[in-house]
Amino acid sequence: MLRLDCLRAVYSDMGNCLVVTIMGATAAELHSLGHRPNFFYLQHAMGLASSTGLGLALCLSDQQIIVFDGDGSLLMNLGSLSTMARYRPGNLVHIVFDNESLLSVGGFPTATNTGTDLEGIARAAGIPTVLTVRTVEDFSSAVKNALDRKQLTTIVAKVEPTGPAGYVTDLSLVENRFQFRRYIQSLKR
Amino acid sequence: MPVSLASSKAIFDALKRCDVRLLSALPETWLVHLIRMADDDPETILVRLAKEEEGVGISAGAHFAGVKSAMLMQNHGFLASINGIVSFAHLYKIPLLMLISYRGSFGERDPWQTQGGNITEALLRVMGIPYSILDTIENVEKRIPQAQTLAESSLQPVALLLTRDLMWEE
């Protein structure tokens, strides 16, 4: 399963969601499908995409938040699973693209390549709904179900360790950040 | 426990007057009253963290949402947050109001706090983070809104160091 195909499969479902992605291939691939002002790409600070999603979810209970995390990023901030589980906002869907690799720095295997089970960790942390998917069809239905169910969900999507040739886009980091905040503020008017 | 209730109340009231609606916190002795006040206040969203760096992401999310926030942590929690501060708050121009208990400074009895105390101010300076030392209750009412205002206008992290003189009643 390719991450790009997963993103393409749910792209049309995210029109009204606030989307936070991690750095590297995930950000570049979502951007390549067509940037929207409701997408924020956290191009550094590995591990904090899920925390950012949690902050958004707790402050904007009537908005649906989607976080695209990765195995390398989540492994840097496993405590975030316990914090998300503690507050379990029903408007947060946490998707982990697990390619078992630190792809953007040369493809070194992460601990999920040697047996660490992120689904098991998320479940044991107390995330109410956790599942692993391995096909685009299952991914798409898991995301749609999570959006409908209104319960904090972690979806571990096992994907190939491949990505685009480069990661830099024409969207500057601060431009993205101001655009994203302005988009959210416009929803309140 | 001789943590100053009066100072804790003054800090909490000042944060409320600044319209701070979300507090992230990791328990630390000097902050117990503050955390309890946040927990008891139905208007305040208290986020109890596993590690302080999470608070940078949570405050960024709150900022995007248009909600003012503050981080309550010990100076060792500031040390644990440095990558998040640099590669999120600085990189993306995110305002952070950081209330940091200044452990390991003059009067510290716990040996394990002393190394962090040595380097706290030097790190804030080298990171270019504006900071002020809060050591009397008289300064709390004014300095907290000043710090919050600077964080919002400059879109960057600003720190207040809460000292032993402020937080601890011998």
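How many residue pairs are in polar contact between chain A and chain B? The count is 12, with both residues of each pair at pLDDT 80 or more. The model shown in these views is predicted.

**View 1. The interface between chain A and chain B.** Chain A brings 32 residues into contact with 29 residues of chain B. The two chains bury about 2,400 Å² between them. Carbon and sulfur atoms give 66% of that area. Which residues of chain A lose the most area to chain B? They are A:Leu48, A:Cys59 and A:Arg177, and together they account for 23% of what the chain A side buries. Salt bridges between chain A and chain B number 0. Polar contacts do link the two chains, in 12 residue pairs.

**View 2. The side of chain A that touches chain B.** Four elements of chain A each supply at least two residues to this side: strand 2 (39–41), helix 3 (49–59), helix 5 (79–87) and helix 8 (173–187). Helix 8 of chain A gives the largest share, 8 residues. By residue class, the side divides into 17 nonpolar, 11 polar and 4 charged.

**View 3. The sheet of chain A.** Six strands form an open sheet in chain A, in the order 2-1-3-4-8-7. The pairing is parallel. Which strands stand at the edges? In chain A they are strand 2 and strand 7 (129–133). Each has a single partner strand, so one side of each lacks a neighbour in the sheet. From one strand to the next, the twist averages 15°.

**View 4. Strands 3 and 4 of chain A, with helix 3.** Strand 3 (residues 65–70) and strand 4 (residues 92–98) of chain A pair in the parallel sense over 6 bridges. Within this pairing, A:Ile66 has A:Val93 in strand 4 as its bridge partner. Helix 3 of chain A packs on the sheet. This helix touches strand 1, strand 3 and strand 4 of chain A. The direction of helix 3 makes about 170° with that of strand 3.

**View 5. A salt bridge within chain A.** Side chains of opposite charge can pair when their charged atoms come close. Here the side chains of A:Lys144 and A:Asp13 meet in a salt bridge, 2.5 Å from N to O. The pair links distant parts of the chain, 131 residues apart. A:Lys144 lies in helix 7 (residues 136–149) of chain A. A:Asp13 sits in the loop between helix 1 (3–10) and strand 1 (18–21) of chain A. Over all chains, the structure holds 15 salt bridges.

**View 6. The sheet of chain B.** Chain B has an open sheet of 6 strands in the order 2-1-3-4-6-5, with parallel pairing. Strand 2 (45–48) and strand 5 (131–134) of chain B stand at the edges. Why is one side of each left without a neighbour in the sheet? Because each has a single partner strand. The twist averages 20° from one strand to the next. Strand 1 (residues 20–25) of chain B pairs with strand 2 in the parallel sense, over 4 bridges. In that pairing, B:Ser24 has B:Val47 of strand 2 as its bridge partner.

Conventions. Residues are numbered from 1 along each chain as its sequence is written. Chains are lettered from A and ligands numbered from 1 in the order in which they are written. This is a predicted model: local features need pLDDT of at least 70, side-chain atom pairs count only at pLDDT 80 or more; totals for chains, interfaces and linings use all residues. Side-chain values use heavy atoms; hydrogens and water are left out. Contact means heavy atoms within 4.5 Å. Buried area is the accessible area (1.4 Å probe) that two parts lose on being put together, summed over both. A salt bridge is a side-chain nitrogen of Lys or Arg within 4 Å of a carboxyl oxygen of Asp or Glu. A polar contact is a pair of N or O atoms within 3.5 Å; within protein, one must be able to donate a hydrogen and the other to accept it, and residues adjacent in sequence count only if both atoms are side-chain atoms. Ala, Val, Leu, Ile, Met, Phe, Trp, Tyr, Cys and Pro count as nonpolar, Asp, Glu, Lys and Arg as charged, and the others, Gly among them, as polar. Two strands pair if DSSP finds at least two bridges between them. Axes are lines fitted to C-alpha atoms, for helices over the stretch in contact, and angles run from 0 to 180 degrees between N-to-C directions.
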